[in-house]
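Please look over the structure shown below.

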Amino acid sequence: MTVLTRHILAGLHAGDGQGTPLYLRLRRSIEDALSRGVIRPGDALPSEREIAARIAVSRVTVRKAVQDLVASGLLIQRHGSGTFVAPRVDRVEQSLSRLTSFTEDMARRGMAARSQWIDRGIYPPSPDEMMVLGLSSRELVARLSRLRLANDTPLAIERATLSSDVLPDPGAVTRSLYTVLQKTGKRPVRAVQRISATNLEADDAALLGVSAGAAGLSIERISYLASGRVIEFTRSIYRGDTYDFVAELRLGEADETPSAEAS
Ligand code: 16G
């Protein structure tokens, strides 16, 4: 018997929560095992069949409890290799003074960046996209929507739009958009970013592995070439529990002159 199934059995037999559906009691005892460190980030869970047999409940009950924990981000399932305790998400500190790409940000922290494509294609522009990118309705845009992961933990959903003459083949972006833009001399050199608080919609929350309504950051980035041309319009949703955006502030030039105080 594994330490986990022993822990679950002890929890289920402790008797509290009678009247609560069995799958919920099972879910709670797995959560309890996680919080007490009985199972740790990266550990593999026994198979559903094994848990069901050891604690004498149906596989459907085990599956329901496990699916709930997957939906809330505590467990992850890898196709073909089983269910694991999700890696712990260390908060990521992101400077607001450097214009960097997601891939670069993660590499600097020694984390492996990965993307899952949600959409990648050429479309007629929406009114917002036309306005921000300065396009007419006859022109086209490249849209790249990705779930961005670091060490297999989903951190953000990024939806970037560029004029199709900047990126005629969105399929050319496999890993890093900024690397592709760099190669064609169109990497942005400046950006304006607007950050606001949001509660995650169910679809976005499911992608990010958190519960619907959880806190998130909605970020709009408009990036420019040195010429002043807008090159990229990105709308992103970042997980509120993983990101700290940090800005360095300096005394403004006008305030630095001592004369105001001297008088
Ligand atoms: C950053 C940018 C995003 C850009 C992406 C490119 C925010 C807050 N930041 O995540 O605008 O598209 O980097 O990353 O949206 P990549 O070069 O790794 O594809």
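A search of the whole structure finds 3 aromatic pairs, where rings of Phe, Tyr and Trp (its six-membered ring) pair if their centres lie within 6.5 Å. Planes under 30 degrees apart count as stacked, over 60 as edge-to-face and the rest as tilted. The model is predicted, so local features need pLDDT of at least 70 and side-chain atom pairs count only at pLDDT 80 or more, while totals for chains, interfaces and linings use all residues. Residues are numbered from 1 along each chain as its sequence is written, and side-chain values use heavy atoms, with hydrogens and water left out.

**Aromatic rings**

- Y238 and F245 form an edge-to-face pair, with 5.9 Å from centre to centre and 70 degrees between the planes.
- The pair of Y243 and F245 is stacked, because the ring centres are 5.3 Å apart and the planes stand at 20 degrees.
- Y238, Y243 and F245 form one aromatic cluster.
- Y238 counts as buried at 9% relative accessibility, and Y243 counts as buried at 4%; buried means under 20% relative accessible area, exposed over 50% and partly exposed in between (1.4 Å probe, protein chains only).

**Charges over rings**

- K64 lies over the face of Y23, at 3.9 Å from the ring centre; a charge sits over a ring if NZ of Lys or CZ of Arg is within 6 Å of the ring centre and within 35 degrees of the ring normal.
- R120 lies over the face of W117, at 4.0 Å from the ring centre.

**The sheet**

- An open sheet is formed by 6 strands in the order β4-β5-β6-β9-β8-β7, with antiparallel pairing; two strands pair if DSSP finds at least two bridges between them.
- Strands (E, at least two residues) and helices (H or I, at least four) are DSSP runs, numbered from the N terminus.
- The edge strands, β4 (113-123) and β7 (190-199), each pair on one side only.
- Strand β5 (residues 141-150) runs antiparallel to strand β6 (residues 153-163), and 10 bridges join them.
- L144 has A160 as its bridge partner in β6.

**A loop residue**

- V38 is found in the loop between α2 (22-35) and α3 (48-55).
- With a relative accessible area of 28%, V38 is partly exposed.
- Leaving aside neighbours within four places in sequence, V38 is in contact (heavy atoms within 4.5 Å) with V3, L4, H7 and A33.
- V38 and G185 are 147 residues apart along the chain, and their C-alpha atoms are separated by 52 Å.
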